[in-house]
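User: I have a model open and want a quick tour. Can you take me through it piece by piece?

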Amino acid sequence: MRDLIVRVIARFIIPFIQVYGLYIVLYGHVSPGGGFAGGTVMASSLILYVMAFGARSEKRRLPEWVARSIESAGAVFFVAIGLVSLFQGTTFLANQAAGFPMGIPGRVFSAGAIFLLTFGIGMKVFSTMITLFTHLIEEEEKEGTG
Amino acid sequence: MITQHLPALIILVPLVSAFIILLLGPNYVRFARHTAMAASVVLTVFALLLLLETTQDGTIRYYFGGWQPPWGIELYIDRMTGFFLAIVSSINLLVLVFAAGVLEQEIRERVVAHYYALFLILTTSLLGIAASNDLFNIFVFLEISSVSAAALVAVNGNRYAMEAGVKYLILSTLGSGSVLLAIANIYMVTGYLNLTYIAEALPAAFAQYPLNIVASLGLIMVGLTVKAALYPLHIWLPDAHGSAPTTSSAVLSGLVVKVYIIVFIKFLFRIFPVDFIEIFPIQPNLLVMSTFGILMGSILAIRQTDIKKMLAYSTVAQVGYIFLGLGVLTPNAVIGSMLHILNHAIMKTILFLSAGCIIKLTGIREVNRLEGVGRVYPLPMAAFSLGALAMIGIPPLNGFVSKWYLGLGALDADQPFFVLIILVSSFLNGLYYLPIVIRSFFGREPRFSEIKVLPIGARFTLTALAVAIVVFGLFSALPVGYLEPAVEQLFAG
Amino acid sequence: MIDLDLVKLWDNAFYGMAIIIFLVGFWIMLTHSNLIKKIIGMNIMETAIFLFFVAIGYVQGGAAPILDQQGVSYVNPLPSALILTGIVVSVSVTAFALSLVVKLYQYYGTVDANEIAYIRRNEE
């Protein structure tokens, strides 16, 4: 699908999709959305990129080891945030009780740990989705070339 | 500080270690092995501490984020759960020690690190299912366990294993789908997901919406018996357990199948009051299915020529035993079931691991070509024989004790027919295990071009499991003494 | 015994539809030998369960559960939140199953379960 129109449109639209995905991730605690929804939107931008420019140039932009590291780091980050509350003397994943600043409800930097947790989930989902997609694509390409 | 967080840490330690292994990637095999091993050691210590704690305080509760139920997610560790956590973590440790020397030769180098990570994720899910007191949490862990178990089956890249993996994945998704629908029905009529609260709200809900409860009971039965491979629904098991790598088969047969039974016990005792079970025909259904399972599993095992497939069919029969105890539903029978969960975990692990050793050392998979192998390789064959004798139920070994309690339970319920079933099945077990044992030790000594040596880890694991078989057989008062109050606790609701 | 109450039936149409979709998915899963179709059937079945679960929490005319207006009835957020998790799980199961099927296709040159069984039998 090396079509000129697709390429031009993709180049134009991908940054907007990514910003929108990031918006959904960051506003997960004040509006509908969150880590999973935002992460998938962000991943869809890269899937569009693969569609337009091919998997090989996508690999150059986002090497496999980076995607893999983001994926694992997202999960470890989530657990690490949860473990903070253990050291504050409350139970795992405690939020306000563990001393996370609550902020003003409705603002972006509010709701303490939830903000950070959503961010971690968003990163993880983003990289997982893109890894899943490139893996399936890879199998197909290998097969196509024999 | 750390002791109060044990219930959460026991789930988090393997999870975090798995992701740390994945973070470094497939090239750090040694690091992966050491991390997995360290995590399992920590896990086993934690589980044993929890086991001790349950003997003193009874039930341990842990609220995530400090939110009290019914709002928050609760971990609930009673004696039964503590027992299972200890089994999972210690078998897990032994299998990992075994894997250290053997695994690298069985699967491709590139996936070894991932294998350890998957293994730890599977352990996480097993511990999570057992410890969780929240229905949806249980569902999520169920799905994690089925995906990671299917991955552990398919990991060695041979096509039979792939096919078995697909089959396993589809059927177990069907099972978890049924469980989720059941959870939806329960949530619909009670408004809770926490087991304790559901149990309180259920009688009122039953008066108002009886059909939903009946539907959910049926769906739970179907969903969990598919996943636990009770007889007519066992079709995925022999392929999956027979074609997986050795360590995977051991864990899948020894632990993964059992965890669904633990969930079933949770549903049966913790949610539905005992008089519910008498209203609905759960018991007769379970009895019929498990009787057929015990007999057909053994008969099908006799017909197998492949040693691992034979062991897999034997698992079908043994799952039948465990469900038989739940079907009879007297305290002794339930003790028998719980004991069999422990004993079968030990026996099947030793059988699969030693069979894997034999296959690796001699390259022979066929049962009737094992002639004289025991003379060349005494340790794995002796371990196999000990496991086989325990499986048949020869008295001083552990398999006998659980069968004894199942029989006692059946007699308590005035159903001597099931004692007969147990005896017949022991005879059938003898029919397929004993020829292997006899032939391998008294047959003509074969000539192998080279004599290979087992790695030290494998030897250690086989010896430890063999000791466990004898110890739990001779000192059966140890687990029974722990389980008696546990079962009392269950019957009290 | 059961008298048909059409209004009540209409109000609970979600559940009826969920059961119908569930059965469709189940049927596809059981009867088709094409593995890809089996996986699609599995997905349809799971979608039906998700619909059922989300319908439990739906309140007719309810608003999104964000606490900024007063005197509005809210949709129960819990089932939606749970089902989001369910969808994540379903995505990963599907992706894994599909990648296994791709591998099987490379080995056997077909995605039909019966043909695979036939090839295997001839090999043995």
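**Helix α16 of chain B**

Analyst: Start with α16 of chain B, residues 378–392, in this predicted model. The helix has 15 residues and reaches 21 Å from its first C-alpha to its last. That is close to the 21 Å expected at 1.5 Å a residue.

User: How many residues of α16(B) are buried?

Analyst: 12 of its 15, so α16(B) is mostly covered, with 20 or more other C-beta atoms within 10 Å as the cut-off for a buried residue. Among them are B:Pro380, B:Phe384, B:Leu386 and B:Ile392.

User: What covers the buried residues of α16(B)?

Analyst: The cover includes α13 (307–328), α14 (331–362) and α15 (373–376) of chain B. It also includes α17 (398–412), α18 (417–442) and α19 (456–474) of chain B.

User: And what follows α16(B)?

Analyst: B:Gly393, with a positive phi near 100 degrees.

User: Switching to chains B and C. How many residues are in contact?

Analyst: 24 residues of chain C are in contact with 22 of chain B. On the chain C side, α3 (35–57) and α4 (77–108) each supply at least two residues. α4(C) gives the most, with 13 residues.

User: What is that side of chain C like by class?

Analyst: It has 18 nonpolar, three polar and three charged residues.

User: Now chain A. Which elements does it have?

Analyst: Five helices and zero strands. Its C-alpha atoms fill a box of roughly 60 × 30 × 20 Å along the principal axes.

User: What share of chain A is buried?

Analyst: 37% of its 146 residues count as buried. Of the chain A contacts with a separation of 6 or more, 61% come from residues 24 or more positions apart.

Conventions:
Residues are numbered from 1 along each chain as its sequence is written. Chains are lettered from A and ligands numbered from 1 in the order in which they are written. This is a predicted model: local features need pLDDT of at least 70, side-chain atom pairs count only at pLDDT 80 or more; totals for chains, interfaces and linings use all residues. Two residues are in contact if their C-beta atoms, placed from the backbone, lie within 7 Å. Helices (H or I, at least four residues) and strands (E, at least two) are DSSP runs, numbered from the N terminus. Ala, Val, Leu, Ile, Met, Phe, Trp, Tyr, Cys and Pro count as nonpolar, Asp, Glu, Lys and Arg as charged, and the others, Gly among them, as polar. The expected span of a helix is 1.5 Å times one less than its number of residues.
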